[in-house]
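Here is a short briefing on one protein model.

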Amino acid sequence: MLALVVVWAVRLGGHILVRNAGEGEDRRYRKWRETWSGPFWLRSLLQVFLLQGAILWVVSAPLLASMHNAEPDSLVASDFIGLAIWCVGLFFEAVGDWQLARFKSDPANDGKVMDRGLWRYARHPNYFGDAALWWGFFVIAAGTTDGWITVFSPVIMTFLLLRVSGVALLERGMKRRRPDYQAYIERTSAFIPLPPKPQSDD
């Protein structure tokens with residue numbers, strides 16, 4: 001479990017570091033700074049650090065459960081099933097991020113919608129991958145004593161990715177900035193990779 005967490009964290013952290021190098025302040029935080037009437041350090045402390053720290057503590061329950069429990073003392077079926085789900089998640093997250101980064105690095109794609117590679121089958125394959133990773137962590141934890149109780153972790157993570165900080169937040173901005181995004185929505189699954197819907201000639 002420790003190895004899986006390290007691989008996932010180093011990959012994602014490295015991607016974000018490279019992506020944001022030289023970009024300045026995150027636009028979400030800049031918007032908060034512009035609209036917040038009180039001291040920004042207080043909102044930053046509460047909304048960025050303490051809130052995310054609390055969420056991290058709750059969501060990490062499968063990791064804590066699997067590392068804390070002494071039983072089973074050998075690999076079991078749930079470990080291999082969870083690992084398989086985790087590998088699917090890492091593939092979609094890493095490849096999706098890489099494909100999007102290549103697309104955005106080409107000036108010819110400015111203003112266009114990314115609908116190639118994994119993005120042809122889901123509008124957010126990287127978020128799907130992130131959710132799958134956490135379901136994989138949970139399945140591994142479920143093989144330990146009372147580890148099944150931590151099912152709230154992937155449920156919360158999937159909900160956040162779909163309804164709060166991931167798909168919902170990103171798509172509101174994409175609809176405004178990309179004229180072709182509505183057509184992309186109509187033919188492409190939002191989260192779970194599926195074959196694109198056929199488009200009419202109208």
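The model is a predicted one.

**Helix H4**
- H4 spans residues 61–68.
- Its buried residues are Ala61, Pro62, Leu63, Ala65 and Ser66.
- An α-helix has 3.6 residues a turn, so residues three or four places apart point the same way.

**Second largest pocket**
- The volume of the second largest pocket is about 280 Å³.
- The pocket is lined by 15 residues, and those closest to its centre are Met1, Ser74, Leu75, Asp79 and Ile140.
- Helix H5 (residues 77–105) gives the most to this lining, with three residues.
- By type, the lining holds eight nonpolar, five polar and two charged residues.

**Helices H7 and H8**
- H8 covers residues 167–177.
- The axes of H7 and H8 come within 4 Å and cross at roughly 15°.
- That angle is under 35 degrees, so H7 counts as roughly parallel to H8.
- On the H7 side, the contact uses Leu161, Leu162, Arg163 and Val164.
- On the H8 side, Val167, Ala168 and Leu169 meet them.
- The residues of this contact divide into six nonpolar, no polar and one charged.

Notes
Residues are numbered from 1 along each chain as its sequence is written. This is a predicted model: local features need pLDDT of at least 70, side-chain atom pairs count only at pLDDT 80 or more; totals for chains, interfaces and linings use all residues. Side-chain values use heavy atoms; hydrogens and water are left out. Buried means under 20% relative accessible area, exposed over 50%, partly exposed in between (1.4 Å probe, protein chains only). Helices (H or I, at least four residues) and strands (E, at least two) are DSSP runs, numbered from the N terminus. On a 1 Å grid over the protein atoms alone, a cavity is a set of points where a 1.4 Å probe fits but cannot get out, and a pocket is an open set with protein on both sides within 12 Å along at least five of seven lines; lining residues have an atom within 4 Å of a point. Grid points are joined across faces, edges and corners, and a volume is the space filled by probe spheres set on the points. Ala, Val, Leu, Ile, Met, Phe, Trp, Tyr, Cys and Pro count as nonpolar, Asp, Glu, Lys and Arg as charged, and the others, Gly among them, as polar. Axes are lines fitted to C-alpha atoms, for helices over the stretch in contact, and angles run from 0 to 180 degrees between N-to-C directions. Angles under 35 degrees count as roughly parallel, over 145 as roughly antiparallel, 65 to 115 as roughly perpendicular and the rest as oblique. Contact means heavy atoms within 4.5 Å.
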